[in-house]
Structure formats: C-alpha cells, structure tokens
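This report walks through one protein model. Look over the sequence and the structure, then read on.

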Amino acid sequence: MKKVLILTFIIMLFYTLPAEAQCAMCRAVLESEEGQAQAEGINNGIVYLMAIPYILVAGIGILIYRNFRAKKN
C-alpha cells in the first residue's frame, strides 16, 4: 500500500495541465497584440511568480523537519 501511495504521489508531481490564466489588465492588453509570443511570456512569468513562494516554503519546511529529526536522535 505504501508503494502505491508513493507511486501515485510521484505521478501527480510530474503530471501537469496547461494553465493560461492572466489578470484582467494583462489579458486586455495582450489580446490587442497580434503576436502571441508576448502573451506566452507573460503567462510563463505569472507561473514563475506563483511557484517561487511555494518552493521557498517547502525548502523551509524541509529544513525544519530535518532539524527536529536530528534532535530526536
């Protein structure tokens, strides 16, 4: 059972769905543009800005976990 949960978690970690969301202002400006390269760049920037806080919190959580685990031993 434990192996199934780990495998499911790993699959969910690497499975992605395309998300093309923008704020209303960005969307209005970029819809008036003919080239879609700039819109794709804005979408990627939004994803990076959203991901960085989660990565930082996860890193801090790992450090705290390791610190408490080391004190128990």
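## Overview

From the N terminus on, the protein's elements follow the order α-α-α. That makes three helices and zero strands. Helices (H or I, at least four residues) and strands (E, at least two) are DSSP runs, numbered from the N terminus.

This is a predicted model, in which local features need pLDDT of at least 70, side-chain atom pairs count only at pLDDT 80 or more, and totals for chains, interfaces and linings use all residues. Residues are numbered from 1 along each chain as its sequence is written, and side-chain values use heavy atoms, leaving out hydrogens and water.

## Confidence

The average pLDDT (the predictor's confidence in each residue, from 0 to 100) is 81 for the protein. A score of at least 70 is reached by 78% of the residues. Confidence is lowest in helix H2 (residues 24-31), with a mean of 69. It is highest in H3, at 87. Where pLDDT is low, the predicted coordinates should not be read in detail.

The expected span of a helix is 1.5 Å times one less than its number of residues.

| Helix | Length | Span, first to last C-alpha | Expected span |
|---|---|---|---|
| H1 | 13 residues | 19 Å | 18 Å |
| H3 (residues 37-72) | 36 residues | 53 Å | 52 Å |

Buried means under 20% relative accessible area, exposed over 50%, and partly exposed in between (1.4 Å probe, protein chains only). H1 has zero buried residues among its 13, so H1 lies largely in the open. H3 has two buried among its 36, so H3 too lies largely in the open. Across the protein's 73 residues, 4% are buried.

## Surface

The protein exposes about 7200 Å², and carbon and sulfur atoms supply 69% of that area. Areas come from the Shrake-Rupley method with a 1.4 Å probe; for residues, only the protein chains shown count as cover.

Which residues make a nonpolar surface patch of about 560 Å²? They are Ile6, Phe9, Ile10, Leu13 and Phe14. Leu13 belongs to helix H1 (residues 2-14). Leu13 counts as exposed because its relative accessibility is 54%.

Conventions
Patch = residues over 30% accessible without salt bridge, like charges linked within 9 Å, V, L, I, M, F, W, Y side chains within 5 Å. Salt bridge = Lys/Arg side-chain N within 4 Å of Asp/Glu carboxyl O.
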